[in-house]
Structures are given as C-alpha cells and as structure tokens.
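Take a look at the model below.

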Amino acid sequence: MDLYDKYKLKRVINADGKMTILGVSKVSDEVVDAQKLGAQNFFEMSDLLVKTGEYLAHLVGSEDALVVNSASAGIAESLAGIIGQGSQYHVYHPYTDRITKREVILPMGHDVDYGTPVDVMISVAGGKMVPAGYSNMCKPEHLEMQITDQTAAILYIKSHHTVQKSMLTIPEAIEVAHRHNLPLVLDAAAEEDLLKYVKMGADIVIYSGAKAIEGPASGVIFGKEEYIKWARMQGFGIGRAMKIGKENIIGLTAAIAKYLKEGSEYGESMIERLKPFVDNLDQIPNMDVKIVQDGAGRAIYRAEVKPIGDLTAKEICDQLRNGETAIYAREYRVNEGIIEFDIRAVNEIEMYQIVSRLKEIVGGN
Ligand SMILES: *Cc1c(COP(=O)(O)O)cnc(C)c1O
C-alpha cells in the first residue's frame, strides 16, 4: 500500500530540520514497536501515567514526571495545576472567579509564536500573562518588579525562537522565582538536554516528544512532586481535551529511554554524511557550497548553498518545494541569499534526489 498514492499526498523530503508543519521527526522501529505494544494491550490508565512518570523521573533525576499529549498541553496543564493548587473545585471550574491569583510572568521577548503564541497556552490554563521587561531585554529586576500577590508562576521559554540578546539566564530566573516562593516553569520543548534544567532547579521542565527526543507526537513534564500531581489532576478537567493515548504514552517512554542511552546523531557522523552530499552539490554550476555549524552553536552541521547564477535563493527554494516531490530546505537565511540543507532526517537516496532536482532547476545536467 502506498499511502501517498492512496490519499493523493505529495512526497516530502525534509531538509529543513524538526519542523512541525512537516510532521516534526521520524520515529525509530524500536519506538514503533513500543507504540504497537501500547496500542494492543489494556492498562489501568491512571496507573500507566503514574508508573511511566516514576520510571521517567528516575531516568532524568526529577522528583516526578508526567507524559502529556504535547509540550503545549504541558504548559497549559502545569500552569492550570499551579493556579488550582490541587483544588478539586478548580479542576471542574478552571476559570472560576473564586481563584484570583492567576498572573503568569513571562519575559516579553519570550512570547513567541511556535505554531501558536505562548500566551494562548497561558490563557487555556486560565492564566493572565504579565510581560516582563521589553521586547529586546529582560533583566532579573524586570522580572522581579512584576511580582505581586496575584502572581502564580514565572514562565521561561528556552528556545531559538525567542529573543536571545540581553535576556536573563535560567538560573537567574529560578533565583528570582524561588526568592519569592514562586515556581519557575520552563518550556524547553525543542531542547536536547533532558537532565540539565531539572538539575538547575527549575520546578517544571517541559519537552515536546517529537522534537529532539524523536518520539511520537506527545510531550513530557519533569518536576517537583506536588506540581506534577496538580498537573496530573487536570486530566479530569481541561486536560481531557488534551488526552494522550496509551500507544503514545508507551512510545514516548521508550523513546526517552532510547534517547538518553544513545543520544541523537552527533556532529562527527553528521559531517561524514554531509561530505559526499556537499561534493555532489559542488558539481552543480553557479553555487558556492560549504559545511556550516548551526547558528545557535549546537552540534548540528548543515550544507550551506549560495547560488550565484540567475535564480535567487528564494526562487530556488520555491521551486524545490513545488516540485513533484516537495523538498523543504532550511530557509531561515534566504533573505541573505543562502539556502541550508539540514540532513538529520535525510537519507542518502534523498540527498541524491535533492542534488538532481537542484541540477534541473539551475539547468545543469
Ligand atoms: C515546539 C514548541 C512548543 C510546542 O510543542 P508541541 O509539542 O508541538 O506542543 C512549545 N514551545 C516551544 C518553544 C517550541 O519550540
């Protein structure tokens, strides 16, 4: 059976990176096997969430953990839990007037749109966003001056999407939060280190299952026992609309164990795979080609292509996307005339297809 023909879908080569619009990442056979076991068996569901949580917490060294259906759900459910403080009345009346302490302080440069704006998830939780600092800067004192008796939590987004310049660090944000007896909730959705932020002392740390972890569409929150307990309670309230299936609870748990054991593809191996690709790209006329490291300094290497012929980088990317197979290059720098190819989810055959399509576009043979 060919899925693409059956549903009249376009084939996709993802040389862009971990992109939600393309389905984020591919899942390994090992994880699919775990999903299958999950799908084809029964469990006491609340027990499944508690026990997988205990297992995962043990792996990363947090007090507790909870598998959720996305990092977004993780933000909404953990903030809702903090606002409700374990109240059963709150679970059934999440937006009640009886609870007024709903302010969630967020550095202004962290209110990014990752597919939906961060502040939408604060609203779903029943929180009221209070921006701290300015769009280009937030210092510990900016955060601190927004704290009132109505503050429920401080939210920090660790991501390449956010403003990086003149931003307080995570330890600084934790320090401010704890000095005022407030929890620091950290959205680390796409981050690669599952241990670091728990160790730093963040009260809740949230990851997306399908990004660095390469698990199924899901999310996980690690953190302090009480906050995880409160987040888990949301499953009987707003969290019901974000329910995760047993196959993905088991799948993500297996993916995290695998990821912690093996990590993801590291720099050296990526460079090795890039070399023949870059050599082949180099054969195409009117292109400067080289291997470059990720702009944010991660151990990710990509092929950088600078067209010097008649077609601009943007025109080439448009044609790559609009071909019979949709080839998505990384277009972050097309305005500077640069196309990047991220090969984390690209195999040898696909690299060959990219080269031949590029030749067609720029008129090589
Ligand atoms: C991707 C992302 C999310 C959302 O993750 P989902 O699992 O898709 O909900 C949240 N925050 C940041 C910073 C992200 O990059």
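Which residue in S10 is the bridge partner of Met287? It is Pro307. Keep in mind that this is a predicted model.

**The three-stranded sheet**

Met287 and Pro307 form a bridge between two strands of an open sheet. Three strands build this sheet, in the order S9-S10-S12. Their pairing is antiparallel. Strand S9 (287-293) and strand S12 (339-342) stand at the edges. Each has a single partner strand, so one side of each is left without a neighbour in the sheet. On average, neighbouring strands here are turned by 25° against each other, direction ignored. S9 and strand S10 (residues 301-307) are joined by seven bridges. These two strands run antiparallel.

A helix packs on this sheet: H12 (residues 267-282). Helix H12 touches S9, S10 and S12. Its direction makes about 20° with that of S10.

**The seven-stranded sheet**

Another open sheet has seven strands. Their order is S2-S8-S7-S6-S5-S3-S4, and the pairing is mixed. Which strands stand at the edges? They are strand S2 (64-68) and strand S4 (128-132). Each of these has a single partner strand, so one side of each lacks a neighbour in the sheet. From one strand to the next, the twist averages 25°.

Look at strand S5 (residues 151-157) and strand S6 (residues 184-187). They run parallel, and four bridges join them.

**The ligand site**

| Residue | Ligand atom | Distance |
|---|---|---|
| Asp187 | nitrogen | 2.6 Å |
| Ser208 | oxygen | 2.6 Å |
| Lys211 | oxygen | 2.8 Å |

How much of the accessible area of the ligand does the protein cover? The ligand has 380 Å² on its own, and the protein covers 90% of that.

**A residue in helix H13**

Finally, find Arg321 in helix H13 (residues 313-322). Leave out residues up to four places away in sequence. Arg321 then touches Lys10, Ala326, Ile327, Tyr328 and Glu331. Now compare Arg321 with Glu103. They are 218 residues apart in sequence. In space, they are 43 Å apart, C-alpha to C-alpha.

How values were computed. Residues numbered from 1 in each chain as written. Predicted model: local features only at pLDDT ≥ 70, side-chain atom pairs only at ≥ 80, totals over all residues. Heavy atoms only, no water. Pairing = 2+ DSSP bridges. Axes fitted to C-alpha atoms, helices over the stretch in contact; angles between N-to-C directions. Polar contact = N/O pair within 3.5 Å; in protein donor to acceptor, adjacent residues only side chain to side chain. Areas by Shrake-Rupley, 256 points an atom, 1.4 Å probe, with all protein chains shown as cover. Contact = heavy atoms within 4.5 Å.
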